[in-house]
Amino acid sequence: MISAGSKIVRIAVVGAGFMGRQHIGFIRGSSRAELVAVVDPRADALTGLDCPVFSETRSMLDTVHPDAVVVANPNAAHVDTARECIEAGAAVLLEKPMASSYSAALRLADTVARQRARLLVGHQRRHHPAIARARAAIHAGEIGQVVAVSGMWSARKDDAYFTDTPWHSEPGAGVTLINLVHDLDLLRHLFGEPAEVQAMSSRHARGLDVEDTVSVNLRFESGVMGSFLASDAGVSPWGWDQATEDAAAFPFIPDMDAYRVVGTRGALSLPNLARFSYDAGVSPDWHSPLSRTHLSASPRNSFEAQLDHFIDVAVGAAEPLISAADALGTLALVEAIASSARTGEPVDLARFRAALASRAGAET
Ligand SMILES: NC(=O)c1ccc[n+]([C@@H]2O[C@H](COP(=O)([O-])OP(=O)(O)OC[C@H]3O[C@@H](n4cnc5c(N)ncnc54)[C@H](O)[C@@H]3O)[C@@H](O)[C@H]2O)c1
C-alpha cells in the first residue's frame, strides 16, 4: 500500500469510452493524481492521451504497476478486470454496475473481503453534497417521519447510443442496470434496505432485447413506501442527470427535482433541496399554506468528489463510501426487480437475497 503521506497517486484507466474519458479528464484535473496508463482493446485508435496506452489490462499492470485503477469497461468485463487489478495490489474504482449479475458480484465481493482489497464502486451520486445534506435532514427528522418517496429518471437516449455500441442493447445492460441502478443505490443509502419490491418492465418503445422502461414499487424495512419510474426512451426534464451539473454531456435544468420525499411534517425534493413545510403557528395539515425554503449545501461535482474520496481510499485514509458488500445489495435489488417484472409477483427481499446467496454458493 502507498503511504498516506504520498502526494500523487498513480492511476490507470481501463476502458476509454464515454465514461473512461470523463475519468481521464477528472484525473488530469486533480492535483493528487497522475494518469499513468490507459487500457482499451481499441488502443490503436486512441490518440492524444499523452500517456502509455495498452490493449489489455494484464500487460499494463505488469509494466506500469499503478497504485490505483479506474475500471470503466463494459459491464460484463467488470468482475474479471477488477479481480486482476486487486491481484496486482491496486486499489480499484469500479464503475457501476459492480457486475452484470448478482452471482458475479458476489464472487468479486468475496475476493475483496479475502484480499482486504480497497475497492470503491462508482455510484458517484452519493458523493454529491445534496445527498449528504438530504440524508442528514431525513435522519434528523427535519420533515418528520418519512412516509414515502417518489422518483423518476427519464431521458431519451440517441439512437447511436445503441447502434454504435452493441453492448448497450444486450443482456447485462438495459435502463435498470445502466441508469436505475444509481437511483436504487441512492434509495438504499437514504431509506435503508427495501423489504419488498414489485416491478413491471417494457421493451415496447425501443423494441430491443433489453428493457427501455421500468416501473418499481418498494416497501422499505423502515416502513417507508416508494415508487420509481425509469426510461431511456421518454423525453423528460426529470432525472438526476438533468437536475445536476455532474456530467457536461447532459444539459442542466436549474431547480429541477428527481426525487420527492414526503414526511409527516414536511416534504423535500432532491437534488434541488427544496423543503416544504408549514409555518409556525398554523395548523399542520392540508388546509394550511406550505412555505418553500431551500436547504443549503456547497456545490461540488460528484465525480470530482468521488475521485478525491477514491484517492483517500487508495492511500488507506478512508473506507470506501460504497463498498463491494454494499453494492451487492443494490445488485440483489436489480435482480429482484427483474424477477418481479418476469413473474408479475412481488418479491420479499430477505428471502430473495438468501436464495440468491445459496444458489451462488451451490454454483461454486
Ligand atoms: N457512473 C456513471 O454515471 C456512468 C455513466 C456512463 C457509463 N458508466 C459505466 O461505465 C462503463 C463504460 O460505459 P461507457 O458508456 O463508457 O461504454 P463505452 O462502450 O463507451 O466504453 C467502453 C470502452 O471499454 C473498451 N473495452 C471493451 N472491453 C474492454 C476490456 N476488456 N478492457 C478494457 N477496455 C475494454 C471499449 O473499447 C470502449 O472504449 C460501464 O460500466 C457503464 O455502466 C457509468
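Me: What should I know about the model before I start?
Reply: Residues are numbered from 1 along each chain as its sequence is written, and side-chain values use heavy atoms, with hydrogens and water left out. This is a predicted model, where local features need pLDDT of at least 70 and side-chain atom pairs count only at pLDDT 80 or more, while totals for chains, interfaces and linings use all residues.

Me: Strand β4, then. Are its faces covered or open?
Reply: Both faces of β4, residues 68-71, are covered. Ala68 and Val70 on one side are buried, and so are Val69 and Val71 on the other. Buried means under 20% relative accessible area, exposed over 50%, and partly exposed in between, with a 1.4 Å probe and protein chains only. Strands are DSSP runs of E, at least two residues, and helices are runs of H or I, at least four, numbered from the N terminus.

Me: Which strands pair with β4?
Reply: Strand β1, residues 9-14, runs parallel to β4 and is joined to it by four bridges. Strand β5, residues 91-95, also pairs with β4 in the parallel sense, over four bridges. Two strands pair if DSSP finds at least two bridges between them.

Me: What does alanine 68 stand opposite in β5?
Reply: Alanine 91. Alanine 68 is also the bridge partner of isoleucine 11.

Me: How does the chain get from β4 to β5?
Reply: The chain goes through helix α3, residues 78-87, in a right-handed β-α-β crossover. Right-handed means that, with the strands pointing away from the viewer, the path from the first strand over the helix to the second runs clockwise.

Me: Which residues of α3 are buried?
Reply: His78, Val79, Thr81, Ala82, Cys85 and Ile86. Seen down the axis of α3, these buried residues fall within an arc of 165°, so they line one face of the helix. The arc is that of the directions from the helix axis to the C-beta atoms. Asp80 and Glu87, on the other side of α3, are exposed.

Me: What lines the cavity?
Reply: His23, Phe26, Ile27, Val70, Leu93, Phe303, Gln306 and Leu307.

Me: And the largest pocket, what is its volume?
Reply: About 1,300 Å³. The lining of this pocket has 48 residues, and Phe18, Met19, Tyr161, Trp167 and His168 lie nearest the centre.

Me: Where are the cis peptide bonds?
Reply: One joins lysine 96 and proline 97, with omega about -15°. Another joins leucine 270 and proline 271, with omega about 5°.

Me: Is leucine 273 buried or exposed?
Reply: Leucine 273 is buried, with a relative accessible area of 4%. Its phi is positive, about 55°, although leucine 273 is not a glycine. Arginine 116 also has a positive phi, near 50°, but arginine 116 is exposed, at 74% relative accessible area.

Methods. 1 Å grid on protein atoms, 1.4 Å probe; cavity = no way out; pocket = protein on both sides within 12 Å on 5 of 7 lines; lining within 4 Å. Points joined across faces, edges and corners; volume = space filled by probe spheres on them.
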